[in-house]
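Thanks for coming. I have one structure to go through this morning, and I will keep to a few contacts.

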Amino acid sequence: MTPLMGCLLLSALLFAIGLAGALVRRNAILVLIGIELMLNAANLNFIAFWRYGPHPEALTGMMFVVFSIGVAAAEAAVGLALIISLYRHIKSVNIDEVNSMSG
Amino acid sequence: MLFTIFAILTLAGAAAAMSLRNLVHSVLALIVAFGGLAVVYLLLGAQFVGFAQVLVYIGAVAILIVFAILLTRSADTASSSIGGSWVAGGVTALAVFGVLAWAISHSSASHGAAMPQPEASMQQIGDALMLRFALPLEMIGLLLTAALIGAVTIASREKRGPR
């Protein structure tokens, strides 16, 4: 098994764990944690292909990960603000109870 | 060898974060997973990204999630249980992993020769950020400002009374 394959398999497993958590858990905060894990799996793929790819001196993979971490931080801030706003509305963070559009 | 240890640590942390019942324990396991991933970045020669991972994910995102858990008082309620559709979710995740693993093991890209460790000094990263990636850097600054204002607006709307 080459090192690149190890990285890619780790990333795929991390993505699958995050996806399972985001699909199975009913708490909105845990769904957000699952999405963060999936984003981290994508970042690991970028770093692995930067490290073992043909032109690492161009730094494109690393720069993409830096910007991706910035976008993930913004996503976490807005997502948690939405969850807090949701909790004020229905006094729950269970996503099964968020089934009306009338506010 | 070191890579295997930290890969297992990362996966164990992620699995624990997704399966523990108490949400605070969940976030602690998530911090373990993020830390293991940061060490994997360091092993791959991406020092800057590794430390950015520690600062942003462990330092900011995990703390933000803890704040959200405490503000919504959902650490020990029954709402953190596993829903009824867990078989469908698990089967979907397993199928996605199966497809990904099949593609990885059959791809010609993952059988390439081992490359020497590329060097990414701080000076190269700074040059790239200030010259070639200057426009994306400005846009990420704009996006973070907009997200900051948006998050504060969304989270504090109810205090001004009924709409």
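Start with helix H1 of chain A and helix H1 of chain B, residues 2–19, which pack with their axes 9 Å apart and at an angle of about 5 degrees. Angles under 35 degrees count as roughly parallel, so H1(A) and H1(B) are roughly parallel to each other. Keep in mind throughout that this is a predicted model.

Which residues make that contact? From H1(A) they are A:Gly6, A:Cys7, A:Leu10, A:Leu13, A:Leu14, A:Ile17, A:Gly18, A:Gly21 and A:Ala22. From H1(B) they are B:Phe3, B:Ala7, B:Thr10, B:Leu11, B:Ala14, B:Ala15 and B:Met18. By type, the contact of H1(A) with H1(B) has 12 nonpolar residues, four polar and no charged.

Stay on helix H1 of chain A for a moment, where A:Ser11 sits. Is A:Ser11 buried or exposed? Its relative accessible area is 4%, and buried means under 20%, so A:Ser11 is buried. The side chain of A:Ser11 has a polar contact of 3.2 Å with the side chain of A:Asn45. Leaving out residues up to four places away in sequence, A:Ser11 touches A:Ala41, A:Leu44 and A:Asn45.

Now to charge. Side chains of opposite charge can pair when their charged atoms come close. How many salt bridges does the structure hold over all chains? The count is one. The partners are A:Asp96 and A:Arg26, at 3.3 Å from N to O. This pair links distant parts of the chain, 70 residues apart. A:Arg26 lies in the loop between helix H1 (3–24) and helix H2 (28–52) of chain A, and A:Asp96 in the segment after helix H3 (60–90).

The two partners fall into separate accessibility classes. A:Arg26 has 13% relative accessibility and therefore counts as buried. A:Asp96, at 48%, counts as partly exposed, because exposed means over 50%.

Last, chain B. B:Val49 is in helix H3 of that chain, residues 47–72. With a relative accessible area of 1%, B:Val49 is buried. What does B:Val49 touch, not counting residues up to four places away in sequence? In chain A, the residues are A:Ile47, A:Met62, A:Val65, A:Val66 and A:Ile69. In chain B, B:Val49 touches B:Tyr41. For a distance within the chain, B:Val49 and B:Leu144 are 95 residues apart, and their C-alpha atoms are separated by 18 Å.

That is what I have; questions are welcome.

Definitions and conventions. Residues are numbered from 1 along each chain as its sequence is written. Chains are lettered from A and ligands numbered from 1 in the order in which they are written. This is a predicted model: local features need pLDDT of at least 70, side-chain atom pairs count only at pLDDT 80 or more; totals for chains, interfaces and linings use all residues. Side-chain values use heavy atoms; hydrogens and water are left out. A salt bridge is a side-chain nitrogen of Lys or Arg within 4 Å of a carboxyl oxygen of Asp or Glu. Helices (H or I, at least four residues) and strands (E, at least two) are DSSP runs, numbered from the N terminus. Buried means under 20% relative accessible area, exposed over 50%, partly exposed in between (1.4 Å probe, protein chains only). Axes are lines fitted to C-alpha atoms, for helices over the stretch in contact, and angles run from 0 to 180 degrees between N-to-C directions. Angles under 35 degrees count as roughly parallel, over 145 as roughly antiparallel, 65 to 115 as roughly perpendicular and the rest as oblique. Contact means heavy atoms within 4.5 Å. Ala, Val, Leu, Ile, Met, Phe, Trp, Tyr, Cys and Pro count as nonpolar, Asp, Glu, Lys and Arg as charged, and the others, Gly among them, as polar. A polar contact is a pair of N or O atoms within 3.5 Å; within protein, one must be able to donate a hydrogen and the other to accept it, and residues adjacent in sequence count only if both atoms are side-chain atoms.
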